[in-house]
Amino acid sequence: MNTKRRKISAVTVGLLSAVAVLVIGLVLALTIKPRQQATSIEESVSGLPAPEITDGVRGEQFGVDKNINEETIDQYLKRDDAVYRDMRMLIDPGNYAAIGGDSYLSGYVDGFEVVPLPYIVNVSGLPAEVGSTYTGKTLFTQNNNGEVKANYVESMQILEDLFPKDKYIFLMCGGAGYAGMTKDLLVKLGWDANKIYNVGGYWFYEGDNNIEVKKTDDNGNVSYAFWKVPYHEIDFDRLTLR
């Protein structure tokens with residue numbers, strides 16, 4: 001009798017163990033599967049390739065994206081989950097004509113809004129031919145060690161309003177330099193690098209959504225219709241110094 005009871009007990013324990021394994025498996029399946037599904041759903045909803053720096057000089061120097069750039073940006077315009085920022089000034093003191101560009105904002109891609117980088121942070125490292133850009137008041141100051149300091153109490157709030165952290169951010173400028181600097185600054189201040197794309201430069205854009213600002217009349221006279229530009233101005237006189 002004792003032997004039989006031991007055998008029954010062993011069988012019972014085995015069955016209980018098997019049941020326990022099944023229960024644990026079901027629990028894990030219920031907890032892990034939804035996470036995997038959520039990730040795939042999120043990726044499919046965004047429809048965006050992950051940011052990836054392109055090869056060559058434009059990637060190394062400016063960080064232009066390999067998949068979303070001047071050639072492909074038209075496919076990704078006017079998304080509700082994204083903001084579009086052109087980082088140029090209306091008139092930049094730098095001599096960008098010396099490198100084949102334009103110191104004036106001659107046009108922009110429809111859907112982008114202009115937020116001048118030189119008003120956000122001091123700019124350095126421009127090509128020698130360009131010289132210096134704007135050197136006035138800025139929301140932030142970055143020193144030679146790369147450390148960033150907010151100059152105004154409202155600086156970070158303004159930055160978060162202009163570049164919402166819960167959105168994908170597409171950056172552009174004239175030749176890609178200001179866009180790359182902006183991405184570097186945002187990442188340094190806590191933004192997610194995987195949601196920011198350096199689209200490159202307007203000077204190389206040949207898509208279907210060009211808004212021309214530069215006008216040349218029949219006599220060859222040049223003017224700029226800046227009234228067309230969706231422009232974000234920063235009124236430093238109304239901000240509170242830290």
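Mentor: Contact here means heavy atoms within 4.5 Å. Helices (H or I, at least four residues) and strands (E, at least two) are DSSP runs, numbered from the N terminus. Let's settle on helix H5, residues 177-188.

Two bits of housekeeping. Residues are numbered from 1 along each chain as its sequence is written, and side-chain values use heavy atoms, with hydrogens and water left out. This is a predicted model, so to speak of local features we need pLDDT of at least 70, and side-chain atom pairs count only at pLDDT 80 or more, while totals for chains, interfaces and linings use all residues.

pLDDT is the predictor's confidence in each residue, from 0 to 100. The protein averages 86, and 81% of the residues score at least 70. Residues 1-44 are below 50, and beyond near neighbours in sequence that stretch has 2 contacts in the model. Where pLDDT is low, the predicted coordinates should not be read in detail.

Now to the helix. The 12 residues of H5 should span 16 Å at 1.5 Å a residue, and its end C-alpha atoms are 17 Å apart, which agrees; the expected span is 1.5 Å times one less than the number of residues. Its buried residues (under 20% relative accessible area; exposed is over 50%, partly exposed in between, with a 1.4 Å probe and protein chains only) are Gly177, Tyr178, Ala179, Gly180, Thr182, Lys183, Leu185 and Leu186. They pack against H2, helix H3 (117-120), strand S5 (148-150), helix H4 (155-162), S6 and S7. After H5 comes Gly190, which has a positive phi, near 110°.

Together with S6 and S7, H5 makes a right-handed β-α-β unit. To see the handedness, point the strands away from you: the path from the first strand over the helix to the second runs clockwise. S6 (residues 168-173) has 6 of its 6 residues buried. Tyr168, Phe170 and Met172 lie on one side of S6, with Ile169, Leu171 and Cys173 on the other, and both faces are covered.

S6 also has strand partners (two strands pair if DSSP finds at least two bridges between them). S7 (residues 196-201) pairs with S6 in the parallel sense over 5 bridges, and there Leu171 has Asn198 as its bridge partner. S1 (residues 82-86) is also parallel to S6, again over 5 bridges, with Val83 standing opposite Ile169.

Let's step out to H2, one of the elements that H5 packs against. Arg58 and Glu70 form a salt bridge, 2.9 Å from N to O; the rule is a side-chain nitrogen of Lys or Arg within 4 Å of a carboxyl oxygen of Asp or Glu. Arg58 is in H2 (57-62) and Glu70 in the loop between H2 and S1, so the pair ties together parts that are 12 residues apart in sequence. Glu70 counts as buried at 6% relative accessibility, whereas Arg58 is partly exposed at 28%.

H4 is another packing partner of H5. Glu160 pairs with Lys165 in a salt bridge whose closest N and O atoms are 3.9 Å apart. Glu160 is partly exposed at 29%, and so is Lys165, at 42%. By this rule the count comes to 9 salt bridges.
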